[in-house]
Amino acid sequence: MAACALDALESEETLRFDHEGRTFVITRSPEGDYFAIDGHCSHEKVHLADGVVDGYIIECPKHFGTFDYRTGESQAPPACIDLRSYEVKVEGNTVFIKI
Amino acid sequence: MVIVGAGEAGTAAAVALRECGWRGPVILIGNEVMLPYERPPLSKAILVEEMNPGPKLLVTPERLAELAIDYLQGRNVEWIDRAAHTVTLSDGAQLAYERLLLTTGARPRKLSVPVAPESRIATLRTYADALAIRQIIRRGCEVVVIGGGFIGLEVAASAVSRGASVTVVEAGPRLLTRAVPAPVAELIRAKHERAGVRIESGAMVEGIDAHEGRSKVVLADGRTHLADLVLVGIGVVPNVELAQAAGLAVDNGIALDETLTTSDPHVFAAGDCCSFPHRLYGARMRLEAWRNAWQQGAAAAANMLGANRPYENVPWFWSDQYDETLQIAGLCREENVPVARNLGAKGHLFFYLAADGRLVAACAFGSLGAIAKEIRLAEIMIVRGLAPKAEALANPAVNIKSLLI
């Protein structure tokens with residue numbers, strides 16, 4: 001699924017991507033690589049695209065649960081359930097995620 | 001390790017003791033007969049959700065077992081013997097401690113005016129309180145909220161969204177006087193009035209009578225309001241009695257040093273019940289806030305195990321009002337210089353600078369997406385003691401993240 005253009009994000013920035021009733025957060029790493037995980041925090045239904053990114057960590061904007069956006073693994077409470085991560089590949093100037 | 005109080009702070013501490021590597025016993029004592037739960041939803045989701053307003057648990061029974069946390073529910077601690085290192089429970093049981101943590105929280109302040117015993121007044125602190133309020137608020141019922149603070153306003157928003165008719169009676173000149181700068185409080189007032197909540201500032205309550213099964217709130221100017229429910233939200237009183245009886249120092253809460261230690265080096269405290277000196281603000285403070293409770297609980301746990309780290313986290317508050325969110329990082333004083341940043345229609349954001357130019361607080365109201373990143377970045381600037389230029393903060397074309405360097 002085409003998600004965004006390659007230059008859509010700067011490093012440590014996020015983008016919300018919605019598809020068929022599901023929602024994802026796409027994050028660009030300090031090295032410029034793209035990653036995708038579930039969009040809503042596993043603690044409450046709050047979108048992570050509104051959170052701050054620091055290195056490889058994305059933080060929920062409401063209650064500060066954190067996740068490694070490369071794997072979806074939860075890092076700090078109150079979030080304690082891992083999120084799903086999705087395969088990302090870049091073809092030409094487009095970022096695709098495998099949903 | 002014994003923890004008295006199984007709210008946000010106590011539960012976070014119990015978990016943190018294990019995460020810090022403590023292998024000895026951890027005993028968590030709660031006075032409610034249920035698993036530890038989150039309090040923020042009590043004034044919001046629990047009051048408005050159509051179906052099954054169950055408590056949102058802080059920890060599952062499986063997790064407690066996995067971490068070998070011994071949770072004693074429905075028990076009060078009656079006495080601390082600091083010389084013998086024991087606590088005595090309401091059922092007479094005695095527990096020995098190596099280190100003791102007091103996370104006894106706070107209780108709603110009571111009205112100091114005459115209240116007829118048969119009147120229907122409520123306060124909100126526990127899950128049971130929330131269920132009782134939920135039973136009463138429905139379409140067409142009249143709710144009077146005494147106190148224009150966070151609890152009162154969140155209940156007002158929940159009640160009006162369920163079709164109740166709501167009046168907020170505030171003694172002060174405006175809403176949220178203690179916690180929120182005036183321009184933001186004004187935005188919140190406007191939001192409530194658009195939703196149909198009547199707000200009466202400068203209104204002193206003289207007493208509460210009962211009248212044909214309802215309550216009658218009598219104001220000093222002679223006016224009265226009839227209500228099916230009177231919600232009293234006029235602040236909280238820290239639960240210091242246990243500490244006081246044990247001879248521990250108390251100063252607007254159980255008095256701690258910067259490492260969250262009481263006047264007894266074997267006894268610690270955290271959360272709403274304690275006051276502590278904050279390096280960033282050069283003042284002793286007591287915070288009544290969700291995030292402080294769990295962060296302080298976890299910090300106290302590390303210090304119980306000898307970490308000896310000062311607690312310097314920036315105060316942070318949040319409140320949901322309808323579809324919008326208020327977030328405040330830091331503490332704002334009268335003399336701080338406000339700098340407004342234009343977020344367009346989605347929200348309002350104010351930064352507050354001290355006389356030396358340092359950022360000391362930021363306060364925003366609007367959609368979560370519009371404000372959360374900015375407040376979080378402001379918090380990082382406050383921690384680092386940065387003095388960003390007012391022009392840059394005010395300019396929406398300047399990315400706040402670029403000011404962190």
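Over all chains, this predicted model holds 27 salt bridges, a salt bridge being a side-chain nitrogen of Lys or Arg within 4 Å of a carboxyl oxygen of Asp or Glu. Side chains of opposite charge can pair when their charged atoms come close.

Residues are numbered from 1 along each chain as its sequence is written, while chains are lettered from A and ligands numbered from 1 in the order in which they are written. As this is a predicted model, local features need pLDDT of at least 70, side-chain atom pairs count only at pLDDT 80 or more, and totals for chains, interfaces and linings use all residues; side-chain values use heavy atoms, with hydrogens and water left out.

**The domains of chain B**

- Chain B is assigned domain 1 (2–107 + 237–304), domain 2 (110–234) and domain 3 (323–404); such bounds come from an automatic or database domain assignment.
- Between the C-alpha centres of domain 1 of chain B and domain 2 of chain B the distance is 29 Å.
- In the contact (heavy atoms within 4.5 Å), 19 residues come from domain 1 of chain B and 15 residues from domain 2 of chain B.

- The size of an interface is often given as the accessible area lost when the parts come together.
- Domain 1 of chain B and domain 2 of chain B bury about 1,400 Å² between them, with 56% of it on carbon and sulfur atoms; buried area is the accessible area (1.4 Å probe) that two parts lose on being put together, summed over both.
- On the domain 1 side, B:Leu42, B:Ser43 and B:Leu47 supply 38% of the area buried against domain 2 of chain B, more than any other three residues.
- Three salt bridges cross the interface of domain 1 of chain B and domain 2 of chain B.
- B:Arg125 and B:Asp272 form a salt bridge, with their closest N and O atoms 3.0 Å apart.
- The interface of domain 1 of chain B and domain 2 of chain B also has 13 residue pairs in polar contact (both at pLDDT 80 or more). A polar contact is a pair of N or O atoms within 3.5 Å; within protein, one must be able to donate a hydrogen and the other to accept it, and residues adjacent in sequence count only if both atoms are side-chain atoms.
- By class, the side of domain 1 of chain B that touches domain 2 of chain B has nine nonpolar, three polar and seven charged residues. Here Ala, Val, Leu, Ile, Met, Phe, Trp, Tyr, Cys and Pro count as nonpolar, Asp, Glu, Lys and Arg as charged, and the others, Gly among them, as polar.

**Where chain A meets chain B**

- Chain A and chain B each bring 18 residues to their contact.
- Together, chain A and chain B bury about 1,400 Å², of which 57% is on carbon and sulfur atoms.
- A:Val52, A:Lys62 and A:Phe64 supply 39% of the area that chain A buries against chain B, more than any other three residues.
- Three salt bridges span the interface of chain A and chain B.
- A:Lys62 forms a salt bridge with B:Asp320, where the closest N and O atoms are 2.6 Å apart.
- Nine residue pairs are in polar contact across the interface of chain A and chain B (both at pLDDT 80 or more).
- A network of salt bridges links A:Glu59, B:Arg291, B:Arg376 and B:Glu379.

**A buried glutamate**

- B:Glu32 counts as buried (under 20% relative accessible area, with exposed over 50% and partly exposed in between; 1.4 Å probe, protein chains only) because its relative accessibility is 18%.
- The side chains of B:Glu32 and B:Arg39 are joined by a polar contact of 3.4 Å.
- Beyond its neighbours within four places in sequence, B:Glu32 is in contact with residues including B:Tyr71, B:Gln73 and B:Tyr127.

**More charged pairs in chain B**

- B:Lys191 and B:Asp323 form a salt bridge, their closest N and O atoms being 2.8 Å apart.
- B:Lys191 is buried at 13% relative accessibility, whereas B:Asp323 is exposed with a relative accessible area of 60%.
- B:Asp356 pairs with B:Arg358 in a salt bridge, with the closest N and O atoms 3.1 Å apart.
- B:Asp356 is exposed, at a relative accessible area of 52%, and B:Arg358 is partly exposed at 25% relative accessibility.
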